[in-house]
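I opened this entry to record what I looked up in the structure.

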Amino acid sequence: MNRVRVLDCTLRDGGYCNQWRFGYENVKKIINGLVKSGINIVECGFLTNKVEYQENRTKFTTMDEVAEVLPKNRSEKLFVCLMNYGEYNLEDIPPYDGTSLDGIRVAFHKKDMSKALEFCEGIKKKGYKVFVQAMVSLNYSDEEYLELIKRTNIIAPYAFYIVDSFGVMKGKDLTRLFYIVEHNLTESIYIGYHSHNNMQLAYSNAQSLVSIQTKRKLIIDASIFGMGRGAGNLNTELFVEFLNDTEGTEYKLQPLLTLIDEILNKFYQENYWGYSLPNYLSASHNAHPNYASYLNDKQTLTIEDMDAIFSMMSNEKKASFDKEYIEALYTNYMANGKSYEEHIVELKKTLFGKKILIIAPGKSSEVEKAKIIQFAEQHDVVSISINFDYNYLYTDFIFLSNLRRYRELNKSKRYKCIVTSNIPAENIYIKTKYGQLLNDVEAVRDNAGMMLIQFLINLGVKDIIIAGIDGYSHEVSENYADEQMALITKNAILDAMNTGMTNLLTRFANKVKITFLTGPRRVTIANLDLLDNI
Ligand SMILES: C[C@H](O)CC(=O)C(=O)O
């Protein structure tokens, strides 16, 4: 048997990209395709007691649920699931009987090492192959790592993994860890390597590992099309091609390519994964990749802002994702700037008793420009564009809460800018407090349109006409009047923003008259048919 084995983790790590919703039939197709291609170990998903089982998802709660998706002919492959330490009781795991999983991978943080290793021992006693997955290997000092290995030897699991959870491992780090493991881990235990692609190093590291002159048996993790959390994983199809070429293995590529073509491409288009600047940044700060997704999904930060927020994080907080912590850092960072409101009384007077026409950069602001211009001409309005300078009408003000958009704006327009205090702007009309305009709907907490409406309500405005707040389509080209403004975001985020805006507008409509001038309306005001009243 070849000394290098491949473990495919698409159905588990890939699940971070689609909330593990692969669909029941697709799960079986993926497992069968992996078996056909000769992949040695198939990770079928998570085994957890923390959720209710749903047939279309790869978060299983019992061995019987997993058994249902396994092929009748197991073709001498191993089938495993990953368990996060603390998400399953040992007593609930039945003794191994060969009908379901062959092995269980136990992932744990450094702080849980002792208890997690006891748990691993318990699983082994039940007859399963145990994979010791000490996450974020680089967070262990050499001394701590040696201690971990020594204690692993006592348990004698099937495999011990070097884990690059944050995708930060350089070749030299991997070599260092590998030799520590090679010299100290009992020879019969497989040495595994699980990587992420934040620095695009997964493939080259895996190649280097395989090329090391060693008799040790290796397991390399990969996922089809690299589907995995954040920047994704080593690509199974590329890695097995490399092994065929250099190690004389005979993995079959075609079943993997077919799975990409028929199943994974669609997931990729809906919720892409792979290398990106935010994922690079999280790696360069040795931080959990979810922090990158969190900041990126805000859609308000430049890369310098994100870098500054990562720099503010404490080292202890970087190892696992803490949503409340990053939320607080983000809000503090944004609310940091000083306000400058000396024209506020003047602005209040300007707005008093007027219809306020707000123009957002949605596609309808371009398509229905004639309607917008006509409305402005026929009514006594104060017009305010949001995060852009509207080409077709001289607007009285420009409201900006986004630093990137502020930088894009021609400097000559600053005299009429109302900006939020997170923007380090000078020579503007008003700088208003960012923190006072936030709302409680997470997906649109600091959405520029929603902040402007809140600002206007605070100033006593009674009648708001909206143009260009169309909501977001999954089709990127449909979202902005100026395609240069388009931001690529995951569909789930766009849907959440549409729902969030609808909820907020519905609430705002209790305080102020809101009327839509343009469409389409992927956001609206619930239970209120205001569509044709203009
Ligand atoms: C395989 C692991 O130990 C869990 C994981 O995906 C990680 O990146 O860490």
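**Domain contact and cores**

I counted two residue pairs in polar contact between domain 1 and domain 2, both at pLDDT 80 or more. The model is a predicted one. I then looked for salt bridges between domain 1 and domain 2 and found zero. On the side of domain 1 that touches domain 2, I sorted the residues into four nonpolar, six polar and one charged.

Next I noted the bounds. The protein is divided into domain 1 (4–270), domain 2 (279–334) and domain 3 (344–516). I took 11 residues from domain 1 and 13 residues from domain 2 as making up the contact between these two. Their C-alpha centres lie 27 Å apart.

I looked up the buried area as well. Domain 1 and domain 2 bury about 990 Å² between them, and 60% of this area is on carbon and sulfur atoms.

Last, I went to the cores. The largest nonpolar core has 79 residues, and Ile31, Phe108, Tyr145 and Ile162 touch the most other members. For Ile31 I listed the contacts beyond its neighbours within four places in sequence: Leu11, Val42, Cys44, Val69, Leu70, Pro71 and Phe79. I found another core lying apart from the largest one, with 74 residues, including Tyr330, Ile372, Leu459 and Val523.

Methods: Residues are numbered from 1 along each chain as its sequence is written. This is a predicted model: local features need pLDDT of at least 70, side-chain atom pairs count only at pLDDT 80 or more; totals for chains, interfaces and linings use all residues. Side-chain values use heavy atoms; hydrogens and water are left out. Domain bounds come from an automatic or database domain assignment. Contact means heavy atoms within 4.5 Å. Buried area is the accessible area (1.4 Å probe) that two parts lose on being put together, summed over both. A salt bridge is a side-chain nitrogen of Lys or Arg within 4 Å of a carboxyl oxygen of Asp or Glu. A polar contact is a pair of N or O atoms within 3.5 Å; within protein, one must be able to donate a hydrogen and the other to accept it, and residues adjacent in sequence count only if both atoms are side-chain atoms. Ala, Val, Leu, Ile, Met, Phe, Trp, Tyr, Cys and Pro count as nonpolar, Asp, Glu, Lys and Arg as charged, and the others, Gly among them, as polar. A nonpolar core is a set of buried Ala, Val, Leu, Ile, Met, Phe, Trp, Tyr and Cys residues joined through side-chain atoms within 4.5 Å. Buried means under 20% relative accessible area, exposed over 50%, partly exposed in between (1.4 Å probe, protein chains only).
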